[in-house]
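The sequence and structure are shown below.

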Amino acid sequence: FSFQRAKIVKPLIMLNRFGLESGGLIAYGPEYSTLGTIAAESAHMILRHGVAPESVPTQRAHHFELGINETVTAQFGIIIPPAMRDRADYIISEKP
């Protein structure tokens, strides 16, 4: 699915890189590899060590990724502050 082909006329803030690559303006969300590790650790405690599921401590992601789609920022005339660009984990820009 491509947001650009759907003719979205408002910039969208997405949850992950996939949404950003589909035409989102900015993506901010948890790093998915970290979520996978957390899920694997919980499953390991339950399946290998026999811990009751309700006893497994709740965990959350501690690292969130910030991505910017420069192509979309240019389309909407949005200027991303340099400090935000410096903090971005990834920047997507299509080369002409």
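## Fold and overall features

Along the sequence, the protein chain follows the pattern β-α-β-α-β-α-α-β. The model is a predicted one. Its secondary structure amounts to four helices and four strands. Of the 96 residues in the protein chain, 29% are buried. Among contacts with a separation of 6 or more, 45% are between residues 24 or more positions apart. The protein chain has an accessible surface of about 6,900 Å², and carbon and sulfur atoms contribute 58% of that area.

## The sheet

The four strands are arranged as an open sheet with the order β1-β2-β3-β4 and mixed pairing. Strands β1 and β4 (90-92) each have a single partner strand and stand at the edges, so one side of each lacks a neighbour in the sheet. Strands of a sheet pair through backbone hydrogen bonds, in either a parallel or an antiparallel manner. Strand β3 (residues 64-69) and β4 run parallel and are joined by three bridges. Within this pairing, Asn69 has Ile92 in β4 as its bridge partner.

## Salt bridges

| Salt bridge | N to O distance |
|---|---|
| Arg17 and Glu21 | 3.1 Å |
| Arg85 and Glu70 | 2.3 Å |

Arg17 and Glu21 are four residues apart in helix α1, which means that about one helical turn separates them. Arg17 is partly exposed because its relative accessibility is 36%. Glu21, at 48% relative accessibility, is likewise classed as partly exposed.

The side chains of Arg85 and Glu70 form the other salt bridge. This pair links distant parts of the chain, with Arg85 in helix α4 (residues 82-87) and Glu70 in helix α3 (residues 70-76), 15 residues apart. Arg85 has a relative accessibility of 33% and therefore counts as partly exposed. Glu70 is also partly exposed, its relative accessible area being 24%.

Glu31 belongs to the loop between β2 (26-30) and α2. With 23% relative accessibility, Glu31 counts as partly exposed, because the range for that class begins where the buried class, under 20%, ends. The side chains of Glu31 and Thr34 are joined by a polar contact of 2.8 Å. When residues up to four places away in sequence are not counted, Glu31 touches His63 and Glu65. Glu31 and Ala61 lie 30 residues apart in sequence, while their C-alpha atoms are 7.4 Å apart in space.

Helix α2 (residues 32-47) contains Ser42. Is Ser42 buried or exposed? Ser42 has a relative accessible area of 17% and is therefore buried, since the cut-off for that class is under 20%. Leaving aside residues up to four places away in sequence, Ser42 touches Val56 and Gln59.

On the surface, Leu15, Tyr32 and Leu35 form a nonpolar patch, and their accessible area together is about 270 Å². Leu15 is located in the loop between β1 (13-14) and α1 (17-21).

Definitions and conventions: Residues are numbered from 1 along each chain as its sequence is written. This is a predicted model: local features need pLDDT of at least 70, side-chain atom pairs count only at pLDDT 80 or more; totals for chains, interfaces and linings use all residues. Side-chain values use heavy atoms; hydrogens and water are left out. Helices (H or I, at least four residues) and strands (E, at least two) are DSSP runs, numbered from the N terminus. Buried means under 20% relative accessible area, exposed over 50%, partly exposed in between (1.4 Å probe, protein chains only). Contact means heavy atoms within 4.5 Å. Patches are made of residues with over 30% relative accessible area and no salt bridge: like charges are joined within 9 Å, nonpolar side chains (Val, Leu, Ile, Met, Phe, Trp, Tyr) within 5 Å. Accessible areas come from the Shrake-Rupley method with a 1.4 Å probe; for residues, only the protein chains shown count as cover. A salt bridge is a side-chain nitrogen of Lys or Arg within 4 Å of a carboxyl oxygen of Asp or Glu. Two strands pair if DSSP finds at least two bridges between them. A polar contact is a pair of N or O atoms within 3.5 Å; within protein, one must be able to donate a hydrogen and the other to accept it, and residues adjacent in sequence count only if both atoms are side-chain atoms.
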